[in-house]
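Reader: I would like to learn how to read a model like this one. Please take me through it step by step.

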Amino acid sequence: MSTEIASMAEAVRKAVGSTVITDIHTHLFPPSHGKLLLWGADEMLTYHYLVAELFTVAPPGLTCQKFWSLPKPKQADLVWEHVFLRHGALSEAARGVITTFNKLGLDVAGRDLDGIRKWFAAQKVEDYLARVFQTANIDSAVMTNNPFNPQEAAYLNRDLPCPDCLKPALRIDPLLVDFKSAVKTMKDAGCKVQLRPTQKTFDEVRRFLLGWSEKIKPLYFAASLGPEFAYPDDSLRTKVIDQAIMPAALEVGVPFAMMIGVRKAVNPDLGDGGDGVGVADVAAVMHLLQRYPAGKFMVTMLSRVNQHELCVLARKFGSLHVFGCWWFCNDPSIVEEMTRQRLELLGTAFTCQHSDARVLDQLIYKWAHTRKVVAEVLVGKYTDLVHAGWRPTKDEIWRDARALFGGSFAEFLAR
Ligand code: HDL
Ligand code: ZN
């Protein structure tokens, strides 16, 4: 028996370690979108997770204001000095930078940041992107394409080249959390919308969504929502969902992806790093699933507290696809807990992770760390099965590994 277990465990670690990954939510951009695509040592070191960490250990004289006034390499120097050298790269975001440098073959032990910078400076972004995808073994990564961001919209309207490994998603937060700014954007785009929520306005919002869907062919519509998100209620948000977003999503035939539980700007001085987390109400998702039986929904939630209830809901509705260990959940201790819980409640009918990478190079560490955790959870599950007489074949192990890393998502989209 122990030989069987050992051989199964080896097969699982190999399959999870080598399966190709589909990364279903990132903040990456094509190289043709210029500086929107972040990459390299200084971008990694100034990832907003690490900036927030810097200010947990920063010396008294270093204020956020002073930090933001510095050029990026100087910001990166401060993170490297205070988070890495003086306090140890023990956090997930810090350890991730080390993993990435290591897997790129850089001299981590030497701690020569300038030498590492020189290596990155010698990379050509198009080739480097391909190298990162190959190193992480990712077939494609879904972007976050936000037509309400003027800079992004300008690039998107130029139909610039985009490598096939980057797939579009239409990001629509302002429609739900800042309708006034959304109306301005849509008006500037020629839509006959007004702040007063008339049927004409909702029809124009739907036309805006259909127009962008025709242009970029998104895999899904996406929005991040606060812990207070409720549906249905008598808010404008419910009307926008019912009169515009869901009719457009159903007409285009794409899921509506909701990332729920972010408490925006709890400390605005930290910029993107200033967001927090709150426990949300899974019933809002339940009501959407009940209201739209023909709809498809992808949901990830930010609070650890919400995970079990979300999994139970996904057992009740095949139209709900649970994905990722989002943001503050993307830490090995919670990834392990969530993956174990999801396997126990959903089998392989979920997507175990998304990288949320904002910096291209992060793909390498976010997936290396996830593979390691998920492999050990799966070894445990298969061990229980082997002890009970079930003999998973190597093909079945590879099938199940792929399912968790994008296969189930592809099946969900195709259903
Ligand atoms: O709203 C989102 O898509 C979040 O993922 C935010 O971008 C967040 O800042 C983040 O980067 N999380 O990892
Ligand atoms: Zn994100």
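**One residue, then the ligand**

Author: D400 touches T348 and Y382, leaving out residues up to four places away in sequence; contact means heavy atoms within 4.5 Å. This is a predicted model, where local features need pLDDT of at least 70, side-chain atom pairs count only at pLDDT 80 or more, and totals for chains, interfaces and linings use all residues. Residues are numbered from 1 along each chain as its sequence is written, chains are lettered from A and ligands numbered from 1 in the order in which they are written, and side-chain values use heavy atoms, with hydrogens and water left out.

Reader: Is D400 buried or exposed?

Author: Buried means under 20% relative accessible area, exposed over 50%, and partly exposed in between (1.4 Å probe, protein chains only). D400 counts as buried because its relative accessibility is 13%.

Reader: Which side chain joins that of D400 in a polar contact?

Author: A polar contact is a pair of N or O atoms within 3.5 Å; within protein, one must be able to donate a hydrogen and the other to accept it, and residues adjacent in sequence count only if both atoms are side-chain atoms. The side chain of D400 has such a contact, of 2.7 Å, with that of Y382.

Reader: Which side chains have polar atoms by an oxygen atom of ligand 1?

Author: Among them are H27 at 3.1 Å, W326 at 3.0 Å and D356 at 2.8 Å. On its own, ligand 1 has 330 Å² of accessible area, and the protein covers 96% of it (Shrake-Rupley method, 1.4 Å probe).
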